[in-house]
Amino acid sequence: MAIRVFLVLVLFLSSAIVSFSLYEDQAGLADWHQRYIGKVKHAVFHTQKTGRKRVIVSTEENVVASLDLRHGEIFWRHVLGTKDAIDGVGIALGKYVITLSSEGSTLRAWNLPDGQMVWETALHSAHHSKSLLSVPINLKVDKDYPITVFGGGYLHAVSALDGEVLWEKDFTAEGFEVQRVLQPLGSTVIYVLGFVNLSEAVVYQIDSKIGEVVAQKSMVFPGGFSGEISSVSSDKVVVLDSKKSILVTIGFIDGDISFQKTPVSDLVENSGNAEILSPLLSNMLAVKVNKRTIFVKVGGEGKLEVVDSLSDETAMSDSLPVADDQEAFASVHHEGSKIHLMVKLVNELDNVLLRETIQMDQHRGRVHKVFMNNYVRTDRSNGFRALIVMEDHSLLLLQQGAIVWSREEGLASVTDVTTAELPVEKDGVSVAKVEHTLFEWLKGHVLKLKGSLLLASPEDVVAIQELRVKSSGKNKLTRDHNGFRKLILALTRAGKLFALHTGDGRIVWSMLLKSQACERPNGISLYQWQVPHHHAMDKNPSVLVVGRCGSDSSAPGVLSFVDVYTGKEITSSDIGHSVVQVLPLPFTDSTEQRLHLIADTVGHVHLYPKTSEALSIFQREFQNIYWYTVGADDGIIRGHVMKSSCSGETADEYCFTTRELWTVVFPSESEKIISTLTRKPNEVVHTQAKVNTDQDLLYKYVSRNLLFVATVSPKGAGEIGSVTPEESSLVVYLIDTITGRILHRLSHQGCQGPVHAVFSENWVVYHYFNLRAHKYEVTVVEIYDQSRAENKNVWKLILGKHNLTAPITSYSRPEVFTKSQSYFFAQSVKTIAVTSTAKGITSKQLLIGTIGDQILALDKRFVDPRRTLNPSQAEKEEGIIPLTDSLPIIPQSYVTHSHRVEGLKGIVTAPSKLESTTHVFAYGVDLFYTRLAPSKTYDSLTDDFSYALLLITIVALVAAIYITWALSEKKELSEKWR
Amino acid sequence: MAKLTLVFFLSFLIFSSSIAFQSDELLVDDDEFGLEGAKPRSTDLYTSSSSSSPQQQQQSPTIRRRYSDPTDLDSKVQFTLEHAFGDSDFSPAGTFSARLKTWSHGGKTLTKLRFSRNNFSAEEKDAFKNLLKGDDFYRIRLPSNVVSPPGREFVVASVRARCLPRDGLDEHFIIHMEGANILAVSYGSPGACQYPRQFKLPAKWSFNSHTILKSSEQAPRTPIFTEEILGSENAEGEVEPPPERSFWAKYWMYLIPLGLVVMNAVTQASNMAEEPTGGQAGGAQVQQPARRR
């Protein structure tokens with residue numbers, strides 16, 4: 001009955017074009033937006049002037065940002081494109097932030113206070129090379145020293161004021177690679193040191209005003225250099241030779257080059273390969289030998305001398321001038337759960353200026369990078385603060401022995417997301433005190449009533465807004481009736497798992513993936529491991545985190561099982577084989593642990609959990625387990641079936657061999673796989689039938705084993721517009737992954753990728769570029785089952801002469817037909833997702849992540865192949881929209897309203913318990929969460945429903961009834977007495 | 001040797017097609033054929049395109065020489081179907097023969113596909129029976145390129161052996177082609193395969209084969225409606241005034257309640273007129289029993 005009511009409501013609601021939109025005061029009620037920057041690569045402090053202290057950082061997510069040193073907030077930030085990696089950051093003229101990006105071919109200046117771009121200069125670049133940015137440190141603002149940039153074989157001098165290229169020197173012919181640019185203060189001559197073919201050291205003296213080479217000296221080093229370099233003073237650099245066993249000090253005083261070789265073995269006994277660490281220390285360098293860090297002092301004549309060595313892994317900062325011509329540097333090392341921060345003078349390593357011990361969360365890992373800054377304390381002594389980057393990519397500011405602020409920058413590189421339920425609230429145990437007293441509750445409702453009757457004063461409006469945000473206990477740590485409170489589990493590239501609360505986005509717990517086999521496993525993917533539902537209700541749900549030791553796909557994998565409620569790791573294991581594919585099976589054991597198969601590079605599959613019960617379940621279904629692999633490189637899709645236990649090769653009884661069942665071979669000269677996609681395995685389909693306007697019935701071909709594949713001609717695999725329409729074509733396939741049958745194949749001539757697709761129920765929507773029309777297009781394909789089409793007769797249904805209950809096997813020849821339609825779409829797309837609800841009744845919306853990093857909600861009804869130019873009256877009543885050549889972009893239907901999810905990478909949807917509502921989580925550099933109701937919340941009252949008004953109305957009515965009753969009694973009495 | 005020249009010729013064709021794109025004449029040709037469908041069905045179309053080819057060949061004399069061999073134009077190809085029982089090795093099981101048509105724009109299509117299936121030998125029968133018993137896979141494969149078999153890789157398909165036997169052994173191939181390449185082959189019984197699969201030996205050990213060749217469908221061009229919308233508006237303008245409905249049909253939902261209200265009012269009014277008398281009578285009736293009490 002309830003479902004019927006739902007259906008009626010859905011039909012009713014879908015008959016009107018629902019444009020999803022918010023009122024201004026509803027923004028921020030159900031949604032939240034978090035801004036991140038990513039793992040910091042470079043940091044430049046700007047603290048000289050009074051006023052706001054800030055630090056300029058550039059990150060691995062290609063973000064340049066200015067952070068408040070006091071609180072860690074972002075003053076401003078710019079996300080450069082994915083291919084625009086930042087190579088260097090500097091501050092010029094005390095007011096511009098200079099960034100060099102794209103391998104030294106783009107130089108930009110940003111205004112320091114507000115982040116406005118001041119100028120941008122594209123520089124010549126002949127080839128890929130290391131790039132170098134040298135911003136002169138000058139305290140006199142009025143004097144314009146040029147910025148020198150090396151990249152792609154060219155050396156440029158660029159004016160800091162307006163970005164004008166003052167001169168450029170072409171070194172491409174000589175193959176000269178600039179390593180260091182030194183600008184002695186007050187001199188117009190700059191020294192450019194570099195190597196030719198890593199065997200000859202060359203020093204150019206160039207007039208910085210006109211770019212003329214004043215002098216040039218070169219000297220061949222017979223052994224060759226390795227390229228690792230550390231400049232120790234204004235006239236000396238230290239380089240490793242190609243064998244990494246000799247340190248070479250190159251002096252170039254007044255343009256004369258001198259080499260001074262010091263074998264590393266002279267410094268440390270039994271030395272292996274040495275490695276020069278990046279910190280720049282004055283007259284000293286840090287070298288890593290035999291897993292130890294040694295400090296080597298460089299004497300006046302290039303003589304090297306070991307002054308200190310540290311045993312464990314220590315992170316160091318560059319040295320920094322402090323008072324009296326002294327230089328100091330910071331080093332951080334671990335000791336248990338504590339980290340020690342030490343600031344020492346470079347010249348006297350025993351002189352420790354600062355020694356601080358800070359308690360550190362174990363789940364942050366080790367310290368990766370340290371950036372130091374000094375300041376003057378109130379007592380005029382030197383104070384130091386350190387910005388540290390941890391292994392989990394988090395950024396912390398240490399000052400006065402405490403963590404002043406921290407930013408979880410790991411969340412800027414989320415790789416996989418899943419959702420989990422919160423614990424059920426136990427009777428009598430209130431987790432958070434959010435319920436108000438009766439008086440407060442009433443007060444709140446009176447306020448709301450005022451608001452709805454437009455009587456509220458501005459203060460009241462603010463109070464209402466606050467109330468709304470706080471209301472309904474949305475931040476509690478327990479499950480709620482509507483399923484609005486959930487945990488979003490996000491796995492980051494650094495291998496850290498975060499649990500975020502849907503209410504306000506706070507981190508409930510976090511856990512760093514660990515492994516015995518390797519130091520720092522990467523996070524790959526996340527699976528629901530155990531979801532107690534019917535059995536094992538006393539168990540907490542858990543997730544499976546799959547990681548890998550190293551970036552190569554053949555690297556050994558790491559599994560970790562994490563309790564969702566507590567965030568504690570239950571067990572973790574180094575599985576000893578590689579992880580290529582993880583296949584969750586549709587079986588669970590008696591404790592509701594889901595069976596998973598993990599395929600390795602050798603072609604074996606491994607069953608998890610490794611219990612005999614799981615094995616027996618697996619053996620029972622052994623015949624019916626299939627899987628497929630997509631070889632994107634060789635253009636072959638292969639289907640596999642289980643063959644036998646691989647007991648012949650290993651004693652592991654949970655390991656199985658497979659054999660090939662089918663192949664689909666795409667001709668390498670005409671097709672290249674660019675996109676594959678399957679349905680979400682846990683998607684719910686409410687009904688298999690679709691009723692047409694003419695009371696005709698269509699049966700959806702709902703199969704879990706469908707694979708959508710898009711191929712493009714190899715020529716057309718590049719950038720959009722790099723080929724002519726004749727050269728490029730796009731072909732899409734729907735392939736059954738059990739038998740390898742191609743159920744649908746459609747080629748789009750003159751079209752090109754990238755293809756972004758979404759697959760749900762029996763339809764696929766994909767987005768690509770049409771070269772002929774010079775526009776993006778969206779095509780929908782719906783696939784219907786014809787073998788059940790005869791079951792329309794009611795009598796057949798009543799008499800049971802139908803095949804609706806017959807088991808479906810993939811080995812029958814499918815009788816399917818497809819319907820498809822294409823539309824133009826005005827925007828470029830980064831990702832597409834679809835809303836998913838608990839029962840699949842609510843109509844669906846496509847969530848399109850646009851190039852502007854926003855999410856557009858588009859009703860599925862706009863991509864319905866039944867749309868016609870002039871729909872009949874019946875079709876109109878059913879909600880079919882007249883066909884248009886392009887899909888509308890309604891500004892109100894941006895789910896992200898005023899926010900931008902910078903660097904958008906993916907959108908995840910999860911159903912709530914309330915059928916109308918779905919959770920939407922988008923990640924990229926930023927995170928964004930909201931709840932969506934594609935057909936409006938037809939099954940619940942809105943949050944701001946005024947219960948007080950209802951109550952007052954009822955009370956007033958009751959009172960009125962009593963009064964009128966009393967009055968009528970009175971009147972009747974008086975009538976009777978008349 | 002003949003094969004070699006064939007390969008040469010074909011590679012030349014591919015090559016020449018890329019050169020031929022410069023020719024205006026050809027492009028127009030190409031476009032037309034491309035739009036009509038990648039493989040024109042009638043041979044007439046084909047011959048016309050073949051006659052246009054030599055003109056194109058005038059451009060380079062070396063090519064013309066090769067072209068003198070007429071059999072190359074419309075070559076016959078043969079490729080073998082191989083099968084395997086369970087995990088056994090593949091062995092030949094039949095031969096497909098077809099004509100390979102080459103279009104002026106370098107495209108190739110297979111037509112007139114014939115299939116001759118070898119009957120099972122005694123050993124193969126036993127192997128197949130074993131498959132039936134074990135509900136194992138009967139696997140087939142085809143070369144991925146029909147011109148230079150096996151091409152890059154074999155195209156493999158499998159079916160549970162129990163799906164095949166009816167009276168005889170019924171099989172159904174759908175070969176997905178892209179030019180001279182075989183993308184994939186769907187293999188199975190022509191109709192449904194019952195589940196659970198019953199063990200059943202075929203009555204006759206002969207194959208009953210059906211084969212379909214499929215090439216890709218062209219997606220329809222996305223219609224552009226700028227003009228049509230105007231047209232449709234005009235058309236709508238003609239149609240738009242819907243058949244004028246009667247006043248009653250339009251407003252019945254208002255009229256009925258109105259009528260009821262009016263009727264109600266009328267009866268009320270008539271009652272009112274009678275009320276004094278009626279009221280008194282009623283009052284008297286009520287009062288009478290009271291008095292009796």
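**Exercise 1.** Determine how strand E7 (residues 96-101) of chain A is joined to E8(A), and in which sense the two strands run.

*Solution.* Step 1: E7(A) and E8(A) run antiparallel and are joined by 6 bridges. Two strands count as paired if DSSP finds at least two bridges between them, and strands (E, at least two residues) and helices (H or I, at least four) are DSSP runs numbered from the N terminus. The model is a predicted one, in which local features need pLDDT of at least 70 and side-chain atom pairs count only at pLDDT 80 or more, whereas totals for chains, interfaces and linings use all residues. Residues are numbered from 1 along each chain as its sequence is written, chains are lettered from A and ligands numbered from 1 in the order in which they are written, and side-chain values use heavy atoms, without hydrogens and water.

Step 1: A:Ile98 has A:Ala109 in E8(A) as its bridge partner.

Step 2: The hairpin of these strands has 4 residues between them, and A:Ser102 there takes a positive phi near 55 degrees.

**Exercise 2.** Describe the pairing of E8(A) with strand E9 (residues 117-122) of chain A, and state how many residues of E8(A) are buried.

*Solution.* Step 1: E8(A) and E9(A) pair in the antiparallel sense over 5 bridges. A:Leu107 stands opposite A:Thr121 in E9(A).

Step 1: This hairpin has 5 residues between the strands, and A:Gly115 takes a positive phi near 80 degrees.

Step 2: Of the 6 residues of E8 (residues 106-111), 5 are buried. Buried means under 20% relative accessible area, exposed over 50%, and partly exposed in between (1.4 Å probe, protein chains only).

**Exercise 3.** Classify the aromatic pair of A:Phe622 and A:Phe656, and explain which parts of chain A the pair ties together.

*Solution.* Step 1: The structure holds 35 aromatic pairs over all chains. Rings of Phe, Tyr and Trp (its six-membered ring) pair if their centres lie within 6.5 Å; planes under 30 degrees apart count as stacked, over 60 as edge-to-face and the rest as tilted.

Step 1: The centres of A:Phe622 and A:Phe656 are 5.6 Å apart and the planes form an angle of 55 degrees, a tilted pair.

Step 2: A:Phe622 lies in the loop between helix H5 (612-620) and strand E46 (626-631), and A:Phe656 in strand E48 (residues 655-665), so the pair ties together parts of chain A that are 34 residues apart in sequence.

Step 3: Both A:Phe622 and A:Phe656 are buried.
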